[in-house]
Amino acid sequence: MYVGWPTSPDPPNNRVMPLIKTEHDHLVNGLSLVPWNVLDQLTPEQLRALDQTGTTRKLDKGDFVFRSGENAIGVYFLKSGKIKVSQPISNGKEVILWFCFGGDIFGLAEAAQHGEREVSAQACETSEVLSIPQARFNAYLFEHPQVMFLLLQVMSSRLRCLSETLAHVAGEQVHTRLARLMLWLCARYGRREGAGIIMNVHLTHQEIADMIGATRQTVTSIMSDFKRKGILDTRDHYIHIVDKTQLGALLH
């Protein structure tokens with residue numbers, strides 16, 4: 001089960017593309033123009049100072065950054081790769097809260113409260129993470145207050161996005177939720193190519209299903225239907241939106 005949408009990815013050309021405004025933005029999410037990739041928005045000096053406060057480590061697929069129940073001792077920035085943030089539930093399964101991509105911060109809320117981790121963070125692929133002890137991160141923010149303001153925007157945006165997505169999962173059919181997710185990804189991660197848009201997000205059908213509270217089989221079936229109708233296609237495992245107008249019409 002998924003109750004949130006992914007955060008900023010590391011696109012194929014390692015550059016964050018400009019956000020694409022469309023006539024459907026108001027139907028997708030009021031946060032579509034709020035940037036989530038923190039590292040991309042820092043100055044070279046801020047990046048150097050941040051890197052010096054912590055330790056970078058590489059993770060293989062399946063490795064945990066931290067687990068639910070562990071003491072929260074710091075915050076993390078994802079330099080590259082993909083991290084799944086999830087919360088265990090009573091039946092032994094997990095609720096996927098969101099996916100982190102290159103440039104994103106995670107682990108901040110619990111570390112700020114000096115409590116136990118309520119969620120787990122696990123690498124979905126080979127990843128590189130900058131780990132910063134909370135005390136050193138606090139000192140960094142004191143020296144760079146503009147970064148603190150940026151983080152406030154990002155965390156507020158994420159919280160609102162989670163709450164809005166919960167409402168969509170509860171009240172919309174699967175094909176509508178999938179169309180909404182595709183448009184949201186387009187607005188945030190899209191790169192124009194000819195008359196279409198390439199989304200700089202590499203997600204499996206299972207991960208997409210987790211994002212909208214559906215099964216992989218259902219997502220595969222709907223994606224195939226979208227392809228037959230000329231709405232989207234895939235290129236080198238990246239989604240290519242061919243007809244954004246037709247996709248947006250599914251929200252009405």
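Me: What is the mean pLDDT of the protein?

Reply: pLDDT is the predictor's confidence in each residue, from 0 to 100. The mean for this protein is 80, and 80% of its residues reach 70 or more. Over residues 1-34 pLDDT stays under 50, and for that stretch the model has 118 contacts (heavy atoms within 4.5 Å) beyond four places in sequence. The model is predicted: local features need pLDDT of at least 70, side-chain atom pairs count only at pLDDT 80 or more, and totals for chains, interfaces and linings use all residues. Residues are numbered from 1 along each chain as its sequence is written, and side-chain values use heavy atoms, with hydrogens and water left out.

Me: In what order do the strands of the open sheet lie?

Reply: Helices (H or I, at least four residues) and strands (E, at least two) are DSSP runs, numbered from the N terminus. Two strands pair if DSSP finds at least two bridges between them. Here 4 strands form an open sheet with antiparallel pairing, in the order S2-S7-S4-S5. Its edge strands, each pairing on one side only, are S2 (64-66) and S5 (94-101). From one strand to the next the twist averages 25°. Strand S4 (residues 82-88) is joined to S5 by 7 bridges, and Pro 88 stands opposite Glu 94 in S5.

Me: How are two packed helices described?

Reply: The angle between their axes and the distance between the axes describe them. Axes are lines fitted to C-alpha atoms, for helices over the stretch in contact, and angles run from 0 to 180 degrees between N-to-C directions. Angles under 35 degrees count as roughly parallel, over 145 as roughly antiparallel, 65 to 115 as roughly perpendicular and the rest as oblique. Helix H6 (residues 174-189) and helix H8 (residues 216-228) pack at about 70°, with axes 10 Å apart. H6 and H8 are therefore roughly perpendicular to each other. The contact involves Val 174, His 175 and Leu 178 of H6, and Thr 218, Val 219, Ile 222, Met 223 and Phe 226 of H8.

Me: At what angle do H2 and H4 pack?

Reply: Helix H2 (residues 44-53) and helix H4 (residues 134-143) pack at about 160°, their axes 10 Å apart. H2 is therefore roughly antiparallel to H4. On the H2 side the contact is made by Gln 46, Ala 49, Leu 50, Gln 52 and Thr 53, and on the H4 side by Arg 136, Phe 137 and Tyr 140.
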